[in-house]
Amino acid sequence: YELTDIIIGLLANNMEIIYVFHHIIHIVMGIYFLINGCQYFTIASYILSQEISGLFLNPLIILKNMDNNYINKKHILYIKYSFSTTFVIFRLILSPYATISYINSQNDDYIKYIITSLLVMGNSLQYYWAYKLIKYKNL
């Protein structure tokens with residue numbers, strides 16, 4: 001999903017560099033987790049669960065660019081509420097919880113600090129996007 005989203009976003013010329021950075025963080029961590037197996041299953045599950053809100057975000061972006069005569073405003077409102085709900089639950093609550101759980105894990109090597117840094121950067125991006133969504137009244 002991450003790689004496809006980057007390719008489509010760049011081909012459509014509507015993906016800012018911060019979104020590319022976000023996706024690359026997920027790809028790098030995903031590859032690391034796949035290589036190292038089950039010990040990272042829980043943190044990988046939480047990180048991947050963030051993409052649940054994307055199920056509602058992508059249709060919102062598509063609908064935003066469509067002719068308003070063919071769009072049912074009630075459906076857009078449902079999609080927007082679904083996106084907002086899943087964004088808060090999976091990106092603003094579960095993701096920081098997973099990060100804290102990972103920080104408190106038994107591992108204590110240099111890889112832990114690299115992954116922790118990536119997780120903190122990823123969480124920071126989520127809160128930055130939440131700020132932007134609230135500021136522009138999209139959340």
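**Note on the cavity and cores**

1. The lining of the largest cavity has five nonpolar residues, seven polar and no charged. Here Ala, Val, Leu, Ile, Met, Phe, Trp, Tyr, Cys and Pro count as nonpolar, Asp, Glu, Lys and Arg as charged, and the others, Gly among them, as polar. This is a predicted model: local features need pLDDT of at least 70 and side-chain atom pairs pLDDT 80 or more, while totals for chains, interfaces and linings use all residues. Residues are numbered from 1 along each chain as its sequence is written, and side-chain values use heavy atoms, without hydrogens and water.

2. The whole structure holds one cavity of 30 Å³ or more. A cavity is a set of points on a 1 Å grid over the protein atoms alone where a 1.4 Å probe fits but cannot get out; lining residues have an atom within 4 Å of a point.

3. H6 gives the most, five residues.

4. The largest nonpolar core has 13 residues, with Met29, Phe33, Tyr40, Ile43, Ile115 and Leu119 making the most contacts inside it. H2 (17-36), H3 (41-49), H5 (73-103) and H6 (110-135) each supply at least two. Such a core joins buried Ala, Val, Leu, Ile, Met, Phe, Trp, Tyr and Cys through side-chain atoms within 4.5 Å; buried means under 20% relative accessible area with a 1.4 Å probe, protein chains only. Helices are DSSP runs of H or I, at least four residues, numbered from the N terminus.

Conventions. Buried means under 20% relative accessible area, exposed over 50%, partly exposed in between (1.4 Å probe, protein chains only). On a 1 Å grid over the protein atoms alone, a cavity is a set of points where a 1.4 Å probe fits but cannot get out, and a pocket is an open set with protein on both sides within 12 Å along at least five of seven lines; lining residues have an atom within 4 Å of a point. Grid points are joined across faces, edges and corners, and a volume is the space filled by probe spheres set on the points.
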